[in-house]
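Visitor: I have a structure open and would like to learn how to read it. Where do we begin?

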Amino acid sequence: MTRLAIIHTGGTIASKPVASGGVAPQASPLDLIQALPELGDYTLSVHQPYQLPSPHITPQHMHTLRNLVLELAPNHDGIVITHGTDTLEETAFYLHLTLREEVSVALTGSMRHALEPSWDGPGNLWGAAVAATHPLSRGRGPLVVFGGDVFDARTVTKTHSTALDSFGGYPGPIGRVDSNGRGPELHYFNKPERMQAFDPPHADTHVEIMYTYAGWKGEGVKEALERSDGLVIAAMGTGNVPAEVLPLVEGSTKPVVIATRTHAGPVLPVYGYPGGFRTLLDAGCIPASFLSAHKARILLIVLLSLGYSRAQMMDAFKRVVA
Ligand SMILES: NC(=O)C[C@H](N)C(=O)O
């Protein structure tokens, strides 16, 4: 039988109402497993390194998870990780950066909890189990499976705060898993680009994100650079910031990465006015390419923990989005 490991980390898929009000991740992993009889087709091993709402997940939790995946991979045909949806894409990207593509991992979660009439947990778990163990998935790196869509970990993002179909991203899904009435059918349209896996010793470097807005004069940049190991700025458009921000990052000894706050597209050195991305490049900033600010932060954490120089960081950011 196909050997499947399920790693439960919390999130709405593991949540139920709590006495203090609202819902929180408190359910036993067995509740979810029992809700999906199809898991009887697999030899299962069940793991729960922590049980957290995903806003409580830190990069160090991601690193623990990555080590657990490495431990389980040799004895399983696929690994599913259940996770809260709020930071699922950050964990998926950490795994994308730190696992070799042969390791078959699929992350999933749910938008409704088990006591709501439309609980999407079992269906999403089923899709993730099919994708994680399917021979066609091998070599595609960590995947995110949600509502039948299969996404690669680099481009996927949460696009809606409540809808069941809450994951998307640019350019979109790379595959689709459905039931044909007798069993699963998985199709791929695309293969994610991969790179060599980084092997960071830990993930506890401190990187902050600042978000640009019209009229920002760079309040907080100096303090953020003082207390952190590096900074990511979610800049406007192709990577531009108000003129006042330029002198604050110029010649910084800490790495400053520039991403775009738009939902898709790269940063590019088009504009040469003060604060235009061309001037930020001249000031020593590192382009995040197509990465969102929160994914650029994950990559910067990995590179800092490896002790990369600024030139090596520039190169790594280029290669992650080849
Ligand atoms: N749908 C969810 O899982 C959201 C939840 N707040 C979490 O990320 O843990």
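Guide: Begin with one span, residues 206-317. Its end C-alpha atoms lie 18 Å apart, and it is 34% helix and 16% strand. Helices (H or I, at least four residues) and strands (E, at least two) are DSSP runs, numbered from the N terminus. This is a predicted model, in which local features need pLDDT of at least 70, side-chain atom pairs count only at pLDDT 80 or more, and totals for chains, interfaces and linings use all residues. Residues are numbered from 1 along each chain as its sequence is written, and side-chain values use heavy atoms, with hydrogens and water left out.

Visitor: Which UniProt annotation covers residues 206-317?

Guide: An unreviewed UniProt entry gives "domain: Asparaginase/glutaminase C-terminal" for that span. UniProt positions are in the numbering used here, feature names are shortened, and annotations may be inferred rather than shown by experiment.

Visitor: How do I read a sheet?

Guide: Strands of a sheet pair through backbone hydrogen bonds, either parallel or antiparallel. Two strands pair if DSSP finds at least two bridges between them.

Visitor: How many bridges join β13 to β14?

Guide: Five, and the two strands run parallel; β14 spans residues 230-235. As one example, Ile209 has Val232 in β14 as its bridge partner.

Visitor: Now two helices. How do α8 and α9 cross?

Guide: Their axes come within 11 Å and cross at roughly 135°; α9 covers residues 310-320. That makes α8 oblique to α9. Angles under 35 degrees count as roughly parallel, over 145 as roughly antiparallel, 65 to 115 as roughly perpendicular and the rest as oblique. The crossing is right-handed. A crossing is left-handed if the near helix is turned anticlockwise from the far one by less than a right angle, and right-handed if clockwise.

Visitor: Which residues of α8 and α9 meet?

Guide: From α8, they are Ala296, Leu299, Leu300, Leu303 and Leu304; from α9, Met313, Ala316, Phe317 and Val320. By class, this contact has nine nonpolar, no polar and no charged residues. Ala, Val, Leu, Ile, Met, Phe, Trp, Tyr, Cys and Pro count as nonpolar, Asp, Glu, Lys and Arg as charged, and the others, Gly among them, as polar.

Visitor: What about α2 and α3?

Guide: The axes of α2 (residues 59-72) and α3 (residues 88-98) come within 10 Å and cross at roughly 50°. They are therefore oblique to each other. This crossing is right-handed. Met62, His63, Leu65 and Arg66 of α2 make the contact with Glu90, Thr91, Tyr94, Leu95 and Thr98 of α3. The classes are four nonpolar, three polar and two charged.

Visitor: What is the strand order in the sheet of eight strands?

Guide: The order is β4-β1-β5-β6-β7-β8-β11-β12, with mixed pairing in an open sheet. β4 (42-47) and β12 (184-188) are the edge strands. β11 (residues 175-179) pairs with β12 in the antiparallel sense over five bridges. Asp178 has Glu185 in β12 as its bridge partner.

Note on methods. Axes fitted to C-alpha atoms, helices over the stretch in contact; angles between N-to-C directions. Contact = heavy atoms within 4.5 Å.
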